Amino acid sequence: MKRRRALLGALGGVAAVAAASGAAAGLAGHGQGPGSGSPAKLAVSGGYIPRPLLTDEAAAYVTVTNSGGTDAQLTAVTTPLAAHVTLHTTTGTTMRQVTSLTVPAGGRLTLGTGGDHLMLETLTHMPSVGERITVRLHFTHATPATVTVTVPVRPTTYHPRG
């Protein structure tokens with residue numbers, strides 16, 4: 001299973017985006033930035049799912065911007081497309097599952113190919129290019145605590161402009 005995930009992550013590099021640009025690790029509640037000390041205020045943009053190469057797993061990418069003064073933690077993700085969604089971080093060529101990803105105060109968390117990303121596991125069906133998938137992101141220390149977005153399925157080799 002780890003080898004398949006590594007392969008999926010490596011193949012996702014074909015559609016490279018800036019890997020975790022602006023993403024920073026931090027402790028919740030210890031953020032600095034605009035309105036320091038104010039609650040995290042989140043917005044999600046740029047989401048997509050490359051059409052998976054495997055029938056049971058897919059990757060998903062979004063950018064989360066935090067205009068508040070406190071770090072937020074992405075702790076869980078749900079979608080009707082998958083039985084389970086796990087959070088992953090990538091350092092070099094090593095991918096590992098984590099329990100949360102930090103959205104720094106006054107900054108952003110960019111989930112992208114070759115970097116931090118979401119793994120959708122045990123897919124309910126093979127999504128088609130153009131299909132729109134609902135994804136629900138769950139955060140701690142943030143307003144709102146849950147953000148629901150609809151992201152398109154793109155071709156496997158999709159490369160976002162940016």
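A residue counts as buried when its relative accessible area is under 20%, and as exposed when that area is over 50%, with partly exposed in between. Keep that in mind as you look at this predicted model: of the 162 residues in the protein, buried ones make up 44%.

## The overall layout

Let's start with the big picture. If you walk along the sequence, the order is α-β-β-β-β-β-β-β-β-β-β-β, so the helix precedes the strands because elements are numbered from the N terminus.

## A cluster of tyrosine rings

Now zoom in on some side chains. How many aromatic pairs does a search of the whole structure find? The search finds two. Here they are side by side:

| Pair | Distance between ring centres | Angle between planes | Arrangement |
|---|---|---|---|
| Tyr48 and Tyr61 | 5.2 Å | 50° | tilted |
| Tyr48 and Tyr158 | 4.9 Å | 70° | edge-to-face |

Why is the pair of tyrosine 48 and tyrosine 61 called tilted? Planes under 30 degrees apart count as stacked and those over 60 as edge-to-face, with the rest being tilted; the planes of tyrosine 48 and tyrosine 61 stand at 50°, so this pair is tilted.

Tyrosine 48 belongs to both pairs, and Tyr48, Tyr61 and Tyr158 form one aromatic cluster.

Where do these rings sit along the chain? Tyrosine 48 is in strand 1 (residues 40–50) and tyrosine 61 is in strand 2 (residues 57–66), so their pair ties together parts 13 residues apart in sequence. Tyrosine 158 lies in the segment after strand 11 (146–154), so its pair with tyrosine 48 ties together parts that are 110 residues apart in sequence.

Tyrosine 48 is buried, because its relative accessibility is 4%. Tyrosine 61 is also buried, with a relative accessible area of 4%. Tyrosine 158, at 23% relative accessibility, counts as partly exposed.

Tyrosine 158 has another neighbour to look for: arginine 154 lies over the face of its ring, at 5.0 Å from the ring centre.

Conventions: Residues numbered from 1 in each chain as written. Predicted model: local features only at pLDDT ≥ 70, side-chain atom pairs only at ≥ 80, totals over all residues. Heavy atoms only, no water. Helix = DSSP H or I, 4+ residues; strand = E, 2+ residues; numbered from the N terminus. Buried < 20%, exposed > 50% of the residue type's maximum accessible area, 1.4 Å probe, protein only. Phe/Tyr/Trp six-rings, centres within 6.5 Å; stacked < 30°, edge-to-face > 60°. Lys NZ or Arg CZ within 6 Å of the ring centre and 35° of its normal.
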